Amino acid sequence: MLKAADLPDVIPVFPLPGALLLPRARLPLHIFEPRYLAMLEDCMKTRERLIGMVQPCPRPGSDRPDLQRIGCAGRLTQFSETEDGRYMITLTGISRFRVSEEVEGFTPYRRAKVSWDGFEQDLRSSDSDPNFDRERFLGLLGRYFDARNLSTDWDSLKQAEDELLVNSLSMLLDFAPEDKQALLEAPSLSTRRETLVTLIEFTLRGGEHGTGGALQ
């Protein structure tokens with residue numbers, strides 16, 4: 001496990017709308033754009049193997065979006081290469097960070113100077129939610145899945161630890177990028193669960209619905 005002293009001041013950043021990574025969670029990604037293939041190759045040469053996931057903020061009149069101020073760095077823990085040169089990778093969330101400034105350079109991908117201050121709790125082995133009413137939460141989730149025509153493995157959900165359950169749903173459910181950002185910035189697991197419940201209840205009250213599918 002990485003320690004605070006191991007975290008670098010400058011990391012590559014991957015602005016991907018709607019993609020959320022949280023500490024201790026895993027995010028699978030399909031890498032195929034040349035600039036991100038270059039980022040991955042450079043990442044694998046470093047000791048930390050970190051990539052910062054961050055939400056882009058569209059900038060009127062520009063095809064280069066701004067970056068949200070807070071993102072989450074993931075360590076490259078799995079990767080495989082396809083015959084045509086694409087990569088299937090997995091990032092394991094290490095810690096959130098605050099973007100201080102972008103670093104200009106000669107890389108085709110974006111890099112940022114970051115601060116890890118204020119996110120020391122992310123480096124712990126787990127987080128807890130002592131007030132979590134699991135039965136009520138799963139009942140609410142069931143209504144949400146019915147409304148969205150989603151299916152899932154309920155046995156796995158019921159057996160999942162609190163942090164894994166809340167974080168996995170925060171990452172997988174189809175919320176808007178600004179809602180994903182609110183889930184990321186939640187200061188504790190309890191706050192993230194409360195935010196998640198609010199988003200689910202909003203959808204059930206008539207918020208925007210997306211297409212149906214299966215949640216694996």
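The model is predicted: local features need pLDDT of at least 70, side-chain atom pairs count only at pLDDT 80 or more, and totals for chains, interfaces and linings use all residues. Residues are numbered from 1 along each chain as its sequence is written, and side-chain values use heavy atoms, with hydrogens and water left out.

**Strands**

- Strand β6 (residues 70–81) pairs with strand β3 (residues 50–54) in the antiparallel sense, over 4 bridges.
- Strands are DSSP runs of E of at least two residues, helices are runs of H or I of at least four, and both are numbered from the N terminus. Two strands pair if DSSP finds at least two bridges between them.
- Ile51 stands opposite Gly74 in β6.
- β6 also runs antiparallel to strand β7 (residues 87–103), joined by 11 bridges.
- In that pairing, Leu76 stands opposite Leu91 of β7.
- β6 and β7 form a hairpin with 5 residues between them. Gly85 in the turn has a positive phi of about 90 degrees.

**Cysteines**

- The whole structure holds 0 disulfides (pairs of cysteine sulfur atoms within 2.5 Å).
- Cys43 is in no disulfide, and its nearest cysteine sulfur, that of Cys72, is 14 Å away.
- Cys72 is likewise in no disulfide.
- Cys43 is buried, with a relative accessible area of 3%. Cys72 is buried too, at 1%. Buried means under 20% relative accessible area, exposed over 50%, and partly exposed in between, using a 1.4 Å probe and protein chains only.

**Largest pocket**

- The largest pocket has a volume of about 510 Å³, the space filled by probe spheres set on grid points joined across faces, edges and corners.
- A pocket is an open set of points on a 1 Å grid over the protein atoms alone, where a 1.4 Å probe fits, with protein on both sides within 12 Å along at least five of seven lines; lining residues have an atom within 4 Å of a point.
- Its lining has 25 residues, with Pro23, Arg24, Ala25, Arg26 and Leu164 nearest the centre.
- β2 (26–31), β7 and α4 (162–172) each supply at least two lining residues. The largest share, 7 residues, comes from α4.

**Nonpolar cores**

- The largest nonpolar core has 46 residues. Met53, Phe137, Leu141, Leu173 and Leu196 have the most contacts inside it.
- Helix α2 (residues 134–148) gives the most to this core, with 6 residues.
- A second, separate core of 15 residues includes Val54, Ala112, Trp116 and Leu123.
- A nonpolar core is a set of buried Ala, Val, Leu, Ile, Met, Phe, Trp, Tyr and Cys residues joined through side-chain atoms within 4.5 Å.
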